[in-house]
Amino acid sequence: MKLGLVLQGGASRAYYSSGVLDALLEEGIWADFIIGTSAGIAYALSYVSGQKGRNLDIAKKFLQDKRYMGLRHLLNPENRCYFNLDFVFHSIANKYVPFDFETFSKFKGDVVATVTNVNTGQPEYLQLPRDAHNLDILIASCALPVIFPMVRIDGQPYMDGGISMPIPVEEAIRSGCDKNIVIMTRDRDYRKRPEKSLAVAAKLYHRYPNFSQALLSRAEIYNHNMQRLEELEKQGKVFVVAPQSTTNIKRTESSPFKIEELYNRGFWDLKSLVPELYNFINHN
């Protein structure tokens, strides 16, 4: 049996996932194949390195730090991102809340980030390098339109994987995972509606017509993804962990109180599901 772990993105809403992941660590439940989108895969790295509590520690220490995010970083021509890329992806991991790259490098499973190819508008699934120096794939998976620059990898421009594939469970199945834990950052009943902001963003990327179309189709893509997830759950191929609601959490939420509350919700939601989860994993 090959166990997959699939993580939805959602920026600050993914602190719910961090709570779930820490509960999995406490229970000693390890996946063989880990795939995620945006903040989903970024926060999953602390699960791979076995660093329980690390994501929450970062949130409490730095989300309200001016060095972390803000309009001034977006307007900085050397950064061009709402998040301070060097601080978020390098300084924190290497200096302030060190990431255990050695343990990460020894992980025997696959760790895959979902990205969207800006030229094709289609999702791609890229293995994350196991070193501290090449984080381009991770940044590309998190690169939200407008507030992030495109990230070029081998000459191809990439952005947020959630645009073209918000919940990459099909890729986990294609990779041989017959059982999959899916961690959501939206409630089960949430369905996307077309957003005016995405229509504006589509115009900004008019030189990339396939990407623009993916932006315009985002609600349709998400809702189809959810329909497929429900089918897989009925077939016994996935075990879904989802919050009751995250509507009060902004994408760039920085309130320590809200973040810790969301984290705790994820942690205790998983704890309450442990008997069912073990039954799912062990049932043939």
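This is a predicted model: local features need pLDDT of at least 70, side-chain atom pairs count only at pLDDT 80 or more; totals for chains, interfaces and linings use all residues.
Reader: Let's start with the helices. At what angle do α9 and α10 pack?

Author: Happy to start there! Helix α9 covers residues 196–204 and helix α10 covers residues 209–216, and their axes lie 8 Å apart. An angle over 145 degrees counts as roughly antiparallel, and α9 is roughly antiparallel to α10. The angle itself is about 180 degrees.

Reader: How many nonpolar residues are there in the contact of α9 with α10?

Author: From α9, the contact uses Leu198, Ala199, Ala201 and Ala202. From α10 come Ser212, Leu215 and Leu216. No charged residue takes part, 1 is polar, and the nonpolar residues number 6.

Reader: Thanks! Is helix α2 enclosed or open, and how many of its residues are buried?

Author: Buried here means under 20% relative accessible area. Helix α2, residues 39–48, is largely enclosed by the rest of the structure, because the buried count is 10 of the 10.

Reader: On to the strands. Which residue of β6 stands opposite Asn117?

Author: Strand β3, residues 110–117, runs antiparallel to β6, and 3 bridges join them. Strand β6 spans residues 156–160 and is mostly covered, with 4 of its 5 residues buried. The residue of β6 opposite Asn117 is Tyr158.

Reader: And which turn residue between β5 and β6 has a positive phi?

Author: Strand β5, residues 151–153, pairs with β6 in the antiparallel sense over 3 bridges. Within this pairing, Ile153 is opposite Gln156. The two strands form a hairpin with 2 residues between them, and the turn residue with a phi of about 50 degrees is Asp154.

Reader: Last one, about a side chain I noticed. Which residue's side chain makes a polar contact with the side chain of Arg188?

Author: Good one to finish on! Arg188 sits in the loop between β7 and α9, and Arg188 is partly exposed, with a relative accessible area of 39%. Leaving aside residues up to four places away in sequence, Arg188 touches Met226, Glu230, Glu233, Val240 and Ala242. A polar atom of the Arg188 side chain lies 3.5 Å from the backbone oxygen of Val240, while the side-chain to side-chain polar contact, at 2.9 Å, is with Glu233.

Terms used
Residues are numbered from 1 along each chain as its sequence is written. Side-chain values use heavy atoms; hydrogens and water are left out. Axes are lines fitted to C-alpha atoms, for helices over the stretch in contact, and angles run from 0 to 180 degrees between N-to-C directions. Angles under 35 degrees count as roughly parallel, over 145 as roughly antiparallel, 65 to 115 as roughly perpendicular and the rest as oblique. Contact means heavy atoms within 4.5 Å. Ala, Val, Leu, Ile, Met, Phe, Trp, Tyr, Cys and Pro count as nonpolar, Asp, Glu, Lys and Arg as charged, and the others, Gly among them, as polar. Buried means under 20% relative accessible area, exposed over 50%, partly exposed in between (1.4 Å probe, protein chains only). Two strands pair if DSSP finds at least two bridges between them. A polar contact is a pair of N or O atoms within 3.5 Å; within protein, one must be able to donate a hydrogen and the other to accept it, and residues adjacent in sequence count only if both atoms are side-chain atoms.
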